[in-house]
There are 2 protein chains.
Amino acid sequence: MRKFLVTLLTFACLGFVKASETGFLMPVPQSVSWGQGFLQIDSSFAIVVEGVDSGRSSHAAARILARLSKETGIRFSPPPAKPNAGVLRIAVRNPAPLTPVLGIDESYSIAVNGQGAMLTAGNFFGVVHGLETFLQLLRLDSSGFNIPAVTIKDEPRFPWRGLLVDVCRHWIPMDVLKRTIDGMAAVKLNVLHWHLSEDQGFRIESKRFPRLHSFGSDGLYYSQDQAREVVAYAAERGIRVIPEFDMPGHTTSWFVGYPELASSPGPYSIQRTWGVFDPAMDPTREEVYEFLDGFIEEMTQIFPDPFFHIGGDEVNGKQWDSSAAVAKFKHNNSLKDNHDIQVYFNKRVSGILKRHKRRMVGWDEILHPELPNNIVVQSWRGHKALAATVQQGSEGILSWGYYLDHMRPASYHYGIDPLAGDGLELAVDQRSQVLGGEACMWAEFVTEENIDSRIWPRTAAIAERLWSPSDVADVEDMYRRLAHVSKRLAWLGLTHIASYNKMLERLTGYREINTLKTLSDVLEPVKFYERPHTRKYTQQTPLNRLVDATRPESNAAREFAELVESYLMNPTLEGRAKALRLRLIQWRENDKKLQPILSTSPLLAEVIPLSRKLTRVSQIGLDALNAMEEGSPLGDRRKGLAKALSEEQTPAAELLLMIIPPIQTLLNAAP
Amino acid sequence: MRKFLVTLLTFACLGFVKASETGFLMPVPQSVSWGQGFLQIDSSFAIVVEGVDSGRSSHAAARILARLSKETGIRFSPPPAKPNAGVLRIAVRNPAPLTPVLGIDESYSIAVNGQGAMLTAGNFFGVVHGLETFLQLLRLDSSGFNIPAVTIKDEPRFPWRGLLVDVCRHWIPMDVLKRTIDGMAAVKLNVLHWHLSEDQGFRIESKRFPRLHSFGSDGLYYSQDQAREVVAYAAERGIRVIPEFDMPGHTTSWFVGYPELASSPGPYSIQRTWGVFDPAMDPTREEVYEFLDGFIEEMTQIFPDPFFHIGGDEVNGKQWDSSAAVAKFKHNNSLKDNHDIQVYFNKRVSGILKRHKRRMVGWDEILHPELPNNIVVQSWRGHKALAATVQQGSEGILSWGYYLDHMRPASYHYGIDPLAGDGLELAVDQRSQVLGGEACMWAEFVTEENIDSRIWPRTAAIAERLWSPSDVADVEDMYRRLAHVSKRLAWLGLTHIASYNKMLERLTGYREINTLKTLSDVLEPVKFYERPHTRKYTQQTPLNRLVDATRPESNAAREFAELVESYLMNPTLEGRAKALRLRLIQWRENDKKLQPILSTSPLLAEVIPLSRKLTRVSQIGLDALNAMEEGSPLGDRRKGLAKALSEEQTPAAELLLMIIPPIQTLLNAAP
């Protein structure tokens, strides 16, 4: 009987929430204290909103209730709710502005016991965060759906926690943008950095200068109403929207309709390839500043946030070098080089922004002593550049280390702290000048179809870094929670899982995807900017190959690496060698089943060698494992195996086989 | 070398489209003639619209192009399209009304060769069908994405091809309704029968009688703007919208706000359970007809279709029996029974409808010689009732045999022909009085979450029955195409596959679903109206159990039955016994892996015996197979095995194990 009970308890522990310290909360709150018992979630559950700002809070509560209903399948009783049933009460102390602003109080606290739950917040924006935490607490265990008893006090570590979405290299429609905002809110990010203009597209309607969008976008732009809709949608979820209009470079799409803004006469057409291009605004003409004054004024009517991003990165100066007008202007104004010209330009734009009550945000390159120090510098170059910003008395945010298009694992991003890094030594009173950071989703290789799988779930790890205490840094625990959050994000509507499967289905011509998935699950796209080197890409190139579907981080390979580690720590422990062997055999045998599928589609022709690579690499793993298990040294074979394995590291079809490093480890350990 | 070529060809045949007569077209067109070669689909592909009604056709073409882009991952060149590239030209001969009407020309023809494609249609509604066929032709083979050369001439067999959606028993939101319409258009259905009022809910806004929706809907109703949006959305896809307001019975929700319409004084509240209820409109009061006159007039402003459905089914007469006013009214008007009363009521409503230029549609019960014969009778009772309608000179549609909530297999529905059935003997000139049929999605056990999996893909088989020639009746070929259509419908946005997986994920508490799916894939919900007998259901009962997730038809069990058949036809053929054994062992062993998951959730407690049942039944199958393979007679064991198997047929958790019949077959064949 005793044994039976233990078994039951074991099963209970396998349930929905592992009652560890962090549960499945992400980001981890500032303080969590688990209690005894739980609040039952059944059809009588309701949310009651009290205090100020109850209209907005009620809307937010209704959204959470709808998600709770979706995730549990429970239809909550029609209003009015029964007052005697388990209830979440929301109390708000202070009114908040319509849209959130930098540094606003985002704190909240939650107390749950068997009778009910209470969410208290300084203002509406704390409510939004608290409701997301409440939903994350939901679990299914032997008592049914419930919220465990807990006391949480929470507030963010950094006030600026953003995600940049590039909607220019590839068009991102409204519904995708909205669900991205939903995902951001779920992990408590609070800035949508909307990268709206680029060489490859001008993506917002301008009524004052309509040729911007009508000539510069292929018809793929947001109307002003839609942009306002995004701002309002984000604000309801506690998220600021900061538009970026990159200038004076990255501006080809402006010049398609208004070539007179450029430093060379044109004509211009939308840029269809990727890289840094020559066109730049003409810094010498007053008409350019007048245009910008009018345009920025128009945009401030849409974007209420006090910050305005002017980009300012990657001006190669070639148009300026070849322009007689610019040469003359340089001479007349004693500007010694292109950097000086850009400083001049930025100062002029800074004046315009000031007139329109906006603070300038720009990339590292804008930093200069002659600019007012109320600018915010976004560092793509790293902690050293961030330090320079702070030393100059300005505020900075970090994006270096958070580039999602680099296809790095969540653990990498998780390890980057805005306040800790090479070359960053700040006095205590300077630390508050580091406002936070932003993940960046550049869209050269991203479409509406795969953007979710590039942003999620990795961005949740970055969100935690920016919200939670710096000592929340257990990578294993992060991955445990990330796997759960990833599924919850799918319930919220993010398509990072569904779209992966559909893209594989397309590749197989609507056939079964399991064997292709077995391969794809241990692959990752090449890193950094290696992709454009392997073939010529344009904006029209279909992103429908395996590399576009395969996820940035292979969980299967990571878990395999953990299995290898644990095996090597104790090779004789029951089951570990067997588990390794099973995995390796499954991978080795996969090619036989996959080749008939690969042969049917030209899209999969490039995958044929990759599938064979998996077989060869798995065989090397099995050879090493056999040597370990049988205690029979590899001897002369070692060198050949090591060489073969090393050669397999070369990418194929722009994909890397991620089980190679752990197999290398296994091989090194083999006798 | 010769062998190599053969292998390649074999692979090619396994591709996207099996170049059989029907390809993957569904419904099968009236005539298909496959040619040589194909039209390449790449980024230069475009659709050019010519002729009348080009605005609407262009919109329809843009939608198809967007789906083509989604399904292929190809971004088509920004307009204007290169005129020299492969193009689909659309030519329309005649203008069409804004909304389709019964009997309108729906014909189209398609001609595709290597240079381009041509779609010709009598009017816009033919274009809509032709574009869906064009998209169904898309395939991925060794030449990439392409449309095979083909000539198609097509038109429907029946002019009335509908789907009833009950939005009353459970609320169905706008987005679900819209994607249902998308799915209908994909399989060329042309009538959305919108069941808008019931005992359990009144689902449309009435400005004239606002207490209808405000008291009768729990706030879950469509605004008039939304209803107009649905009508317009459907019309753009060639679909008529016919509203149903069931009367004089099935009307409890009307009486919550307007008890004076009822035959007993009330008060009334929304009915929360399922069944036939007593409340019925008061046939004796003029105010009731004035109310209906006003209400129907209001609704005709929203629904332009010349037909208006008044239900008329299942009046149990109890309120009338117990009303002194009704007794007196009966006497005064020489009405001998409740049926006479309903005829009186229907005649009055018929007069109202005539005044508002609408033709009456109702269920079998409305048929009566005293009603004008321009009514359309929808038969839920069968061919005999349909015959009675025709004999009386009226037109009829068949819904008997097409009830999706009965959870029958696609093959069953596919076998029901409106023009062939027991008791239906029609003269040639009477056949046109049978207008077609309607699939019915009654929503007692349907929510927005699982409605797609109840409607799709089975409704595609019904759609084919109503569109294609009657001799298109090869069940095996239907299933081959249905499997493909099902996947294509998922690309269109239907959630019948995705939602199944998510509901399983919920049941397991966000854990891996494969073992639960192995079980669920061989289950089916109990049939007909058996569910309500097993436990008490109300409108608030969560539909989040396995029976709510499991699909109406088990493909795995059907395929297993086919495998058993083919094995028994030739037991010695290589691989068949082995395939059977592998499946049976996988099923037998599943319980071991599944039990730990089942133990964690109270939602899965009822599944524990089902999982064990799968093990036992599979073992019986293995016993039979062993006897066959080893030629060792079962002898004394046969009786016990047969008895055990027979006992396993009892449903558990409202679910049936569908591999029992084929295992019965195997057991019977064993020596």
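**The axes of helix H23 (residues 608–630) and helix H25 (residues 660–669) of chain A come within 9 Å and cross at roughly 30 degrees.** Axes are lines fitted to C-alpha atoms, for helices over the stretch in contact, with angles from 0 to 180 degrees between N-to-C directions. H23(A) and H25(A) are therefore roughly parallel (under 35 degrees; over 145 is roughly antiparallel, 65 to 115 roughly perpendicular, the rest oblique). On the H23(A) side, the contact (heavy atoms within 4.5 Å) is made by A:Val617, A:Ser618, A:Ile620, A:Gly621, A:Ala624 and A:Met628. H25(A) contributes A:Ile660, A:Ile663, A:Leu666, A:Leu667 and A:Ala669.

This is a predicted model, in which local features need pLDDT of at least 70 and side-chain atom pairs pLDDT 80 or more, while totals for chains, interfaces and linings use all residues. Residues are numbered from 1 along each chain as written, chains are lettered from A and ligands numbered from 1 in written order, and side-chain values use heavy atoms, without hydrogens and water.

**Helix H23 of chain A also meets helix H24 (residues 637–647) of chain A, with axes that come within 10 Å.** Helices (H or I, at least four residues) and strands (E, at least two) are DSSP runs numbered from the N terminus. The two axes cross at roughly 150 degrees, and H23(A) and H24(A) are therefore roughly antiparallel to each other. From H23(A), the residues that make this contact are A:Val617, A:Ile620 and A:Asp623. From H24(A), they are A:Arg637, A:Leu641, A:Ala644 and A:Leu645. A:Val617 and A:Ile620 belong to the contact with H24(A) and to the contact with H25(A).

**A:Ala644 lies in helix H24 of chain A.** A:Ala644 is partly exposed, with a relative accessible area of 27% (buried is under 20%, exposed over 50%, partly exposed in between; 1.4 Å probe, protein chains only). The C-alpha atoms of A:Ala644 and A:Arg616 are 8.9 Å apart in space, and the two residues are 28 apart in sequence.

**The loop between H24 and strand E18 (655–657) of chain A holds A:Glu654.** The phi of A:Glu654 is near 65 degrees, a positive value in a residue other than glycine. A:Glu654 is buried, with a relative accessible area of 5%.

**A:Tyr289 and A:Tyr344 form an edge-to-face pair.** Rings of Phe, Tyr and Trp (its six-membered ring) pair if their centres lie within 6.5 Å; planes under 30 degrees apart are stacked, over 60 edge-to-face, the rest tilted. Over all chains, the structure holds 52 aromatic pairs. In this one the ring centres are 6.3 Å apart and the planes stand at 75 degrees. The pair links distant parts of the chain, with A:Tyr289 in helix H8 (residues 286–300) and A:Tyr344 in helix H11 (residues 338–355) of chain A, 55 residues apart. Both A:Tyr289 and A:Tyr344 are buried.

**The rings of A:Trp363 and A:Trp442 form a tilted pair.** Their centres are 5.7 Å apart and their planes are at 45 degrees. A:Trp363 is in strand E13 (residues 359–363) of chain A, and A:Trp442 is in the loop between strand E16 (434–441) and helix H14 (451–455) of that chain, 79 residues apart. A:Trp363 is buried at a relative accessible area of 1%, and A:Trp442 is buried at 9%.

**A:Phe202, A:Phe245, A:Trp254, A:Phe295 and A:Phe308 form one aromatic cluster.** The loop between strand E11 (240–245) and helix H7 (252–257) of chain A contains A:Pro248. A cis peptide bond joins A:Met247 and A:Pro248, with omega about 0 degrees.

**Helix H17 (residues 498–507) of chain A is mostly covered, with 7 of its 10 residues buried.** The buried residues are A:Ser499, A:Tyr500, A:Met503, A:Leu504, A:Glu505, A:Arg506 and A:Leu507. Within chain A, they pack against helix H18 (514–520) and helix H20 (546–549). In chain B, they pack against helix H2 (54–72), strand E6 (139–141), strand E7 (144–154) and helix H16 (475–492). H17(A) is followed by A:Gly509, which has a positive phi near 65 degrees.

**In chain B, B:Lys188 lies in the loop between helix H4 (174–186) and strand E9 (191–198).** B:Lys188 is a residue other than glycine with a positive phi, near 65 degrees. At 1% relative accessibility, B:Lys188 counts as buried.

**A cis peptide bond joins B:Gly266 and B:Pro267.** Its omega is about 0 degrees. B:Pro267 is in the loop between helix H7 (252–257) and helix H8 (286–300) of chain B.
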